[in-house]
Amino acid sequence: MNTEDTIMEFIHRRSFIELDARGRAQSLLDEGSFKELAGPFARMQSPWLPMQGVAPQSDDGCVVLKGKVDGKPAVVISLEGKFQGGSIGEVSGAKICAALDLATRDSVQGTTTPAILLLETGGVRLQEANLGLAAVAEVIASVLSLRPHAPVITIIAGTVGCFGGMSLVAGLSSYVLMTREARLGLNGPEVIEQESGVDEFDSKDRALIWAIDGGEQRVGMGLADALVQDSVEEFATAVRKLLAKGIPAVHRSELVERYRARIAALDVSTQIDPAGLRAQWKQADVEGGVR
Amino acid sequence: MKHQIGVRGREWFRALTGSGTPQSGDPASVLASKASLGSGEALFLCVVPNPESRFPCVRDGQVGLEEAYALASHIRALIAEDEGKPQEEKRPIIAIIDVKSQAYGRREETVGIFLAAATAADAYATARMKGHPVVSLIVGHAFSGGFLTHGYQANRLVAFDDKEVVIHAMHEEAAARITRRSVADLLRLGHEIPPMSYDVHDYAKLGLLYELLHIESPEEPVESDIAKVSQSLVSAIADCANGERDLSNRWKNPQANVMRKAGNAVRERMEQEWLGA
């Protein structure tokens, strides 16, 4: 492909990141196949935010669509990073859990229903603190209930990234898809800087942030499964490919001894070079067999 | 007196198991021991501070990479040993909790602490789903990602009724900064809004606890307290045996029906709409 073609393709590409939570979810399902559950007109919003003078949103920043992918059932759960940083509160948490639990029930009864999670989130919503943390624990439990019966695919596409407790959900997923722009980690750079100091992590160092949390690095290290271009078509294709693969023989979060041994072998007397670690783990995956 | 993270955890681990030294191959921050409880045997797990840790950001009792994988490894080993046994023979797991938080460190993020935390949560939840009764005993602090990694997947949560017991998503100072409030405002709000509170009595109102246990001497376990705690753990284990293997008991109870009304309404509506979709 020559440069001109590449530029034209870039211009005509339909961006996935630029869509809102609902648009992203819709783009993954067969046209006309889906229905939104507990949608904005149900007005199921956070009871805790108005008590603190914060405007709630009528879908609590979480969109759940039940529909079909290539004619087969699937549920898509999509977080809106523009509302309270995609944070998990009582209502959004209950939506995610209910959707996963219903998919599990259908899957166990013979109608395999995979879940696709679009995670744009900083984690627990601090205005709902303990109910948010409890909800994240419950989401973790629900992902683990569904995972043996149908694949759970996490997509991290946008620049909000996936942090806090919800990063565990990514870690538990059957597959994780990321863009180059996306980030995945337990603690965001600002939080580390606040808790452990600027010497530990300079949150203004953009290059460092992406070198550690960025999609290319996470995929390169084997901690996520594929890097996807920011395009509606590319995501639709990538999701279909993973659904065709089905449930993996082993989940990454079951490889206890593999990762334990790798950590035991690390020299941590100074900070770890992300690129070096990536090369090392990639080689180990090649030798040890990718899961 | 300011609560010193991990001291209680270590004391209660010792009181309940008779041991206080890490197993070979484990970091000094992880205590694991099989000890008798009631008429049977249970696996006790605890994370304690290790000032000598080669990972600087876990030295004050945070849960880091080595801690998460060591916990997961012990739990997976127990699951394997009891595989194929009938449910009544699956040994319980008791997580003793007094943790500051997850590790806030660059080394940890570089390696992927999100996966380490997920791996430990996976092991706890898998044990629960396979029929091992999993009970968490909160003797001190249970914070944020540290709690998600170590203990929040339990069938039943037991906490000491004590002002030094704090269960929360984030420490006061950091939560105040992020929500742009003063610590005083944050604490005041906590009294009006139970999920934000740092008081274990408010936490108990959420319906998440199996029991709030009054203890005479939470710092230095005495015989009568140890007996009381053991009894509570035995009763929590018995309660697991005749119940579900998921976490639904946390939202299906009279307190949750009040405090988690909105969440329960969501679950009900989702179920109705799911059938028609």
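Biologist: Is B:Glu66 buried or exposed?
Modeller: The relative accessible area of B:Glu66 is 18%. Under 20% counts as buried, over 50% as exposed, and anything in between as partly exposed (1.4 Å probe, protein chains only). So B:Glu66 is buried.

Biologist: What kind of model is this, and which atoms do side-chain values use?
Modeller: This is a predicted model, where local features need pLDDT of at least 70 and side-chain atom pairs count only at pLDDT 80 or more, while totals for chains, interfaces and linings use all residues.

Biologist: Which residue meets B:Glu66 in a salt bridge?
Modeller: Side chains of opposite charge can pair when their charged atoms come close. A salt bridge needs a side-chain nitrogen of Lys or Arg within 4 Å of a carboxyl oxygen of Asp or Glu. Here the distance is 2.9 Å, N to O, and the partner of B:Glu66 is B:Arg54.

Biologist: Where do the two residues of that pair lie?
Modeller: B:Arg54 and B:Glu66 are twelve residues apart and link distant parts of the chain. B:Arg54 is partly exposed, at 31% relative accessibility. Helices (H or I, at least four residues) and strands (E, at least two) are DSSP runs, numbered from the N terminus. B:Arg54 sits in the loop between β2 (40-47) and α2 (65-81) of chain B, and B:Glu66 in helix α2 of chain B.

Biologist: How many residues apart are B:Arg156 and B:Asp239?
Modeller: Their side chains form a salt bridge of 2.8 Å, N to O. The pair joins strand β5 (residues 156-160) to helix α9 (residues 223-241), both of chain B. B:Arg156 is buried at 5%, while B:Asp239 is partly exposed at 27%.

Biologist: Which members of the largest nonpolar core touch the most other members?
Modeller: A nonpolar core is a set of buried Ala, Val, Leu, Ile, Met, Phe, Trp, Tyr and Cys residues joined through side-chain atoms within 4.5 Å. The largest has 157 residues. Those touching the most other members are A:Met166, B:Ile96, B:Phe147 and B:Tyr152.

Biologist: How many residues form the other core that lies apart from it?
Modeller: This other core includes A:Ala74, A:Leu118, A:Leu177 and A:Leu242. Its number of residues is 24.

Biologist: Is A:Phe10 buried or exposed?
Modeller: A:Phe10 lies in helix α1 (residues 3-12) of chain A. With A:Ile7, A:Met8 and A:Ile11, A:Phe10 makes a nonpolar surface patch of about 420 Å². In soluble globular proteins, nonpolar side chains tend to be buried together. A:Phe10, at 54% relative accessible area, is exposed.

Biologist: How far apart are the end C-alpha atoms of helix α4 of chain B?
Modeller: The helix has 17 residues, 113-129, and 16 of them are buried. The expected span is 1.5 Å times one less than the number of residues, so α4 should span 24 Å. The end C-alpha atoms agree, at 24 Å.

Biologist: What is the phi of A:Ala38?
Modeller: A:Ala38 lies in the loop between β1 (35-37) and β2 (62-69) of chain A. A:Ala38 is buried, at 0% relative accessibility. Its phi is positive, in a residue other than glycine, and near 45°.

Technical notes:
Residues numbered from 1 in each chain as written. Chains lettered and ligands numbered in written order. Heavy atoms only, no water. Patch = residues over 30% accessible without salt bridge, like charges linked within 9 Å, V, L, I, M, F, W, Y side chains within 5 Å. Areas by Shrake-Rupley, 256 points an atom, 1.4 Å probe, with all protein chains shown as cover.
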